[in-house]
Each structure stands twice: as C-alpha cells, then as structure tokens.
Amino acid sequence: MLSDREREALREIQCRLLAEDPAFARVFSTDARRLEQAPSHLPRSTYTTLLVMSLMLSVIALMAGAPLGGLVFAMAAGVMWGLRLRAGRAGDRRMT
C-alpha cells in the first residue's frame, strides 16, 4: 500500500496530467464500465484460430512429457475461449 505522502504525490501528478493534456490522461483512465463496453478489435475467427493452436500445443506438450507446458497452453486456450465468447457478444450488440 502507498503511504499518505505517496498517495498525495500521485494525486498531484494526476491533476497536473489532467490539466496539461486531458486527451492523454483519458487514454489511461481505468473506468471499468468503459473497459467492458470496449469493442473487440480482433475478429472472432482470430480467437478461434488461437484457441485451436493453444489446444494443439497443449496436447503436444503433454505427449512430449511436459505437463507444466501442457497446463500453460490449456490455460491459454481457456483465455482464448473467453475472449472468443466476448467477441461474439460484442458483435451481436453491434448488429442490433
């Protein structure tokens, strides 16, 4: 955690940045609603391709006797699955 002095210094930096260049400061905004509403920049087929590749690499790593590598690629496949679903929902919202 930050000390009170560090928090105050951070607030001062944020205020200066916002005053000097508001457009630049908005780029780094961490508003959760805006992040949820941000459209996906990659097509859904890209996520599908990355999902299949991750699954294949997971199987290859397991066959090669590297269970940790297989687990890492399986986790990456799970992330790709979630991003693929999110990209599909964003596409559905844009269509309506």
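These legends go with a few close-up views of the predicted model above.

Some ground rules before the views. This is a predicted model, with pLDDT of at least 70 needed for local features and 80 or more for side-chain atom pairs, while totals for chains, interfaces and linings use all residues. Numbering starts from 1 along each chain as its sequence is written, and side-chain values use heavy atoms, leaving out hydrogens and water.

View 1. Helices (H or I, at least four residues) and strands (E, at least two) are DSSP runs, numbered from the N terminus. Of the 96 residues, 14% are buried, meaning under 20% relative accessible area with a 1.4 Å probe and protein chains only; exposed means over 50%, and partly exposed is in between. The accessible surface is about 8,000 Å², with 67% of that on carbon and sulfur atoms; areas come from the Shrake-Rupley method with a 1.4 Å probe, and for residues only the protein chains shown count as cover.

**View 2. Helix α4 covers residues 44-63.** With 20 residues at 1.5 Å each, α4 should span 28 Å, and its end C-alpha atoms sit 29 Å apart, which agrees. The expected span is 1.5 Å times one less than the number of residues. Y47, L51, S54, S58 and A61 are the buried ones in α4. They take up an arc of only 95° around the axis, so they lie on the same side of α4; that arc is taken from the directions from the helix axis to the C-beta atoms. I60 and M63, on the other side of α4, are exposed. After α4 comes G65, with a positive phi near 85°.

**View 3. Five residues form the largest nonpolar core.** Its members are Y47, L51, A77, M80 and A87. A nonpolar core is a set of buried Ala, Val, Leu, Ile, Met, Phe, Trp, Tyr and Cys residues joined through side-chain atoms within 4.5 Å. Both α4 and α5 (67-95) give two or more residues to this core, and α5 has the largest share with three. Leaving aside residues up to four places away in sequence, L51 touches A77, M80, W81 and R84, where contact means heavy atoms within 4.5 Å.

**View 4. S58 sits in helix α4.** S58 counts as buried because its relative accessibility is 8%. Its side chain reaches the backbone oxygen of G70 at 2.9 Å. Not counting residues up to four places away in sequence, S58 touches G70, F73 and A74.

Key: A polar contact is a pair of N or O atoms within 3.5 Å; within protein, one must be able to donate a hydrogen and the other to accept it, and residues adjacent in sequence count only if both atoms are side-chain atoms.
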